[in-house]
Amino acid sequence: MANPVVAVVGRPNVGKSTIFNRIAGERISIVEDTPGVTRDRIYAHGEWLGKDFNLIDTGGIEISDQPFMTQIKQQAEIAIDEADVIIFLVDIKTGITDADEQVAQILYRSNTPVVLAVNKVDNPELRSQVYDFYSLGFGDPYAVSGIHGIGIGDLLDAVINNFPDEIAQEEDDSIRFSLIGRPNVGKSSLVNAILGENRVIVSDIAGTTRDAIDTKFTAADGAKFTMVDTAGMKKRGKIYENTEKYAMLRAMRAIDNSDIVLVVLNADEGIREQDKRIAGYAHEAGRGVIIVVNKWDLVTNKNTQTLKSFENIIRQEFQYLSYAPIVFVSAETKQRLIKLPVLIQQVYDHHTKRVQSATLNDVLMDAIAANPTPTQNNKRLRVFYATQVAIQPPTFIIFVNDPDLMHFSYQRYLENQIRESFDFTGTPIHLIIRQRK
């Protein structure tokens with residue numbers, strides 16, 4: 001089951017980003033005492049009492065050219081669309097404002113559970129004022145301080161108590177993949193083309209509590225796939241689709257529910273900064289990645305070097321995805337679409353591959369013999385042995401005498417040697433360096 005989603009909602013300057021960072025456990029969003037300053041990452045993973053969840057800071061979802069109150073309303077509506085639980089954040093120092101009342105009116109109309117948090121309760125004298133917020137109609141208000149971490153535990157207790165019940169899922173032997181990318185790269189056209197290209201749709205299944213639809217189908221060779229919905233079925237209008245941060249939010253949800261991610265680029269428009277950011281989330285999540293260049297039919301004056309030149313640009317702009325295969329397709333003409341299911345299967349096989357410890361250590365010893373370990377302060381790094389501990393992505397622990405002696409360049413060298421010896425095309429691999437006790 002996909003992780004529940006928790007959204008932090010409230011008017012500007014109540015401390016949404018501070019609470020977001022506190023719950024996420026790291027300083028992710030930009031925090032400044034100026035309304036509307038959130039410009040950075042709006043999506044993170046959180047955990048409380050063994051419960052994993054995803055966290056959204058709606059303050060980062062900007063709807064351009066909209067009046068102040070309209071923006072607040074639309075951010076609240078996005079949270080309702082996306083979240084399983086909403087943290088409604090208010091400010092004890094300003095009391096209940098008209099903007100708070102308007103957000104409350106929007107939240108009343110939803111069926112999403114709401115937990116009311118009163119921020120900036122930094123000293124005991126302020127606690128008596130918390131009771132004023134009962135008038136908002138969301139039950140017990142939780143007194144918190146994002147800066148000092150006061151009351152966060154009680155708040156999270158209430159949040160996880162409102163998580164939806166886990167639904168037992170049927171045994172699924174299909175490969176789950178999604179198409180992500182910024183608006184107008186042709187994701188919907190590709191989805192339709194993939195499903196229409198000599199394939200039999202088995203069923204449409206509900207993906208999450210947010211009513212997304214995941215489509216199961218069987219390829220011509222009998223391989224089973226589940227295409228994870230990324231279309232944003234619940235969007236109310238084009239304004240969301242034109243919001244960069246909202247497009248990223250949809251990409252995050254799809255990545256979390258996928259084994260393999262197809263990062264879709266628009267050949268006609270070239271590579272944009274948002275393409276790189278969206279692809280970066282797939283890489284950080286440890287998913288298998290395929291770069292799909294769509295609308296290749298629209299590129300004019302093609303010659304024998306055009307494809308190679310475009311591929312070189314991709315490799316330069318997406319250096320962290322050096323392991324990802326690139327395929328040039330056209331949803332309009334169906335060019336090379338038949339390659340996609342085969343490629344997805346291959347990347348999935350690499351993503352779930354296990355390597356025997358004896359074979360792995362033979363490769364590492366040969367690599368060390370060819371390029372001896374570095375020394376630092378007259379102390380040489382010694383590599384004792386390695387073992388694979390996980391798949392999806394393949395993860396290896398390398399035991400050494402002192403992890404501080406493992407320079408990042410030598411670690412990259414060992415990773416490259418592992419890649420050359422065992423085919424891990426399409427999947428990141430993780431190396432964990434530990435001291436042997």
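Predicted model: local features only at pLDDT ≥ 70, side-chain atom pairs only at ≥ 80, totals over all residues.

**Entry 1: strand β7**

Which residue in β11 does I180 stand opposite? I looked it up and found V263.

I then followed the pairing of β7 on to its partners. Strand β11 covers residues 260-266, and β7 pairs with β11 in the parallel sense over 4 bridges. Strand β10, residues 224-227, also pairs with β7 in the parallel sense, here over 3 bridges. For that pairing I noted I175, which stands opposite F225 in β10.

Next I asked myself how many of the 6 residues of β7 are buried.

**Entry 2: K16**

I went to K16 next and found it in helix α1, which spans residues 16-24. Does K16 count as buried or exposed? It is buried, and it has no salt bridge. I checked for the nearest side chain of opposite charge, and that is D57, 5.5 Å away. What I did find is that the K16 side chain reaches the backbone oxygen of G10 at 3.0 Å.

**Entry 3: the sheet of β16, β17 and β18**

My last stop was an open sheet of 3 strands, in the order β16-β17-β18, with mixed pairing. At the edges I found β16 (383-390) and β18 (430-435), each pairing on one side only. From one strand to the next, the twist averages 25°.

I looked at β17 (residues 395-400) and β18 together: they run parallel and are joined by 6 bridges. One pair I wrote down is F399 with its bridge partner R434 in β18.

Which strands does helix α11 touch where it packs on the sheet? I noted β16 and β17 for this helix, which covers residues 357-370. The direction of α11 makes about 140° with that of β16. Helix α12 (residues 408-421) packs on the sheet as well, touching β17 and β18. For α12 I wrote down an angle of about 125° between its direction and that of β18.

Key:
Residues numbered from 1 in each chain as written. Heavy atoms only, no water. Helix = DSSP H or I, 4+ residues; strand = E, 2+ residues; numbered from the N terminus. Buried < 20%, exposed > 50% of the residue type's maximum accessible area, 1.4 Å probe, protein only. Lys, Arg positive; Asp, Glu negative; His and termini not counted. Salt bridge = Lys/Arg side-chain N within 4 Å of Asp/Glu carboxyl O. Polar contact = N/O pair within 3.5 Å; in protein donor to acceptor, adjacent residues only side chain to side chain. Pairing = 2+ DSSP bridges. Axes fitted to C-alpha atoms, helices over the stretch in contact; angles between N-to-C directions. Contact = heavy atoms within 4.5 Å.
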